[in-house]
Amino acid sequence: MANSRSGDSLLSRLVTILDAFDSHRSSMTISALSRRVGIPLATTHRLVVQLLDERLLERDADGGVRLGIRLWELASRGSRTTDLREIALPFMEDVHAIVQQHTTLSLLDSENVLYIERLTTRGSAVNITQIAGRLPIHACSSGLVLLAYSPPEFQDDVLGRELVRYTEHTVTEPAALRRLLAGIRQLGHASVPGIIVPNTTGIAVPVFERGDLVIAALNVIVPFGEEDLRATVPALKTAAHGISRALGSDRPRGGTSRMPRAV
């Protein structure tokens with residue numbers, strides 16, 4: 001694979017360009033894209049032309065470029081996330097019908113929480129999660145569930161880093177985080193108010209696959225002060241158990257698990 005003068009491979013530069021697009025910058029001019037990724041304009045233009053030719057990028061009505069539909073097509077062919085979403089969606093709809101609040105499904109990807117499905121409710125709690133969006137593992141209920149059911153060495157790695165404090169409720173001190181994670185394992189769910197958005201509470205439970213591996217977290221987001229754990233937690237655990245059984249897990253509710261796998 002040919003390298004640039006900076007030592008970056010062609011593949012890494014192409015990935016950098018594709019990775020520059022997000023929900024806040026879904027379309028950019030080539031000049032703006034060049035500035036964002038730090039690649040010279042002439043090189044960015046050449047790479048963008050190649051990506052346009054392969055339909056991995058496409059032009060929009062204003063002359064900018066955006067991610068192409070072929071990326072979605074390729075990602076949908078046999079992706080683990082596609083299979084998981086299809087299995088989980090009916091169970092998520094059951095939870096959504098009961099709780100009438102935002103319901104999400106997420107995976108651990110590296111050290112971030114990657115959201116792969118979301119059901120929304122008009123007029124419900126503020127929700128910053130988006131499909132294909134990410135949140136830090138320590139600052140959302142889904143991330144805390146995935147972290148709580150991970151091996152000690154992974155927890156040590158995460159807790160040994162400087163963690164960002166997003167609100168006054170975000171837990172960043174290692175000893176306090178360990179106590180929080182132990183409580184999540186004991187209860188089998190996380191319920192954390194205001195750790196990234198002050199006026200919401202995230203409630204999440206783990207989803208298991210064959211071999212008792214934690215593969216995902218199922219979550220609802222409710223307005224702060226309106227939590228009904230007696231109704232919400234059983235609904236979440238029932239749905240998560242159904243998803244887990246469909247994924248081949250014969251694990252009874254409760255107990256321990258092994259490392260959640262990244263996508």
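Predicted model: local features only at pLDDT ≥ 70, side-chain atom pairs only at ≥ 80, totals over all residues.
How many of the eight residues of strand 3 (residues 102-109) are buried?

**Stop 1: strand 3**

Select residues 102-109. Eight of the eight residues of strand 3 are buried, so the strand is largely enclosed by the rest of the structure. To see how, colour the residues by the side they face. In a regular strand the side chains alternate between the two faces of the sheet. Here, one side carries H102, T104, S106 and L108, while T103, L105, L107 and D109 sit on the other; both faces are covered.

**Stop 2: the partners of strand 3**

Next, bring in strand 4, residues 112-119. Strand 4 also runs antiparallel to strand 3, and seven bridges join the two.

In strand 8 it stands opposite N219, and in strand 4 its bridge partner is R118. Then follow the chain from strand 3 into strand 4: this hairpin has two residues between the strands, and S110 takes a positive phi near 60°.

**Stop 3: helix 5 and helix 9**

From helix 5, the contact is made by L84, I87, A88, F91, V95, I98 and V99. Helix 9 contributes T232, A235, L236, A239, G242, I243 and A246. Colour this contact by class and you will find 12 nonpolar, two polar and no charged residues.

**Stop 4: R70**

For the last stop, select R70, which lies in helix 4 (residues 69-75). Is this residue buried or partly exposed? R70 has a relative accessible area of 24%; since buried means under 20%, R70 counts as partly exposed.

Which residues does R70 touch, leaving aside its neighbours within four places in sequence? Display E54, R55 and L56: R70 is in contact with these. Finally, draw a distance from the C-alpha atom of R70 to that of E58. The two residues are 12 apart along the chain, and these atoms are separated by 9.4 Å.

Notes:
Residues numbered from 1 in each chain as written. Heavy atoms only, no water. Contact = heavy atoms within 4.5 Å. Helix = DSSP H or I, 4+ residues; strand = E, 2+ residues; numbered from the N terminus. Nonpolar A, V, L, I, M, F, W, Y, C, P; charged D, E, K, R; others polar. Buried < 20%, exposed > 50% of the residue type's maximum accessible area, 1.4 Å probe, protein only. Pairing = 2+ DSSP bridges.
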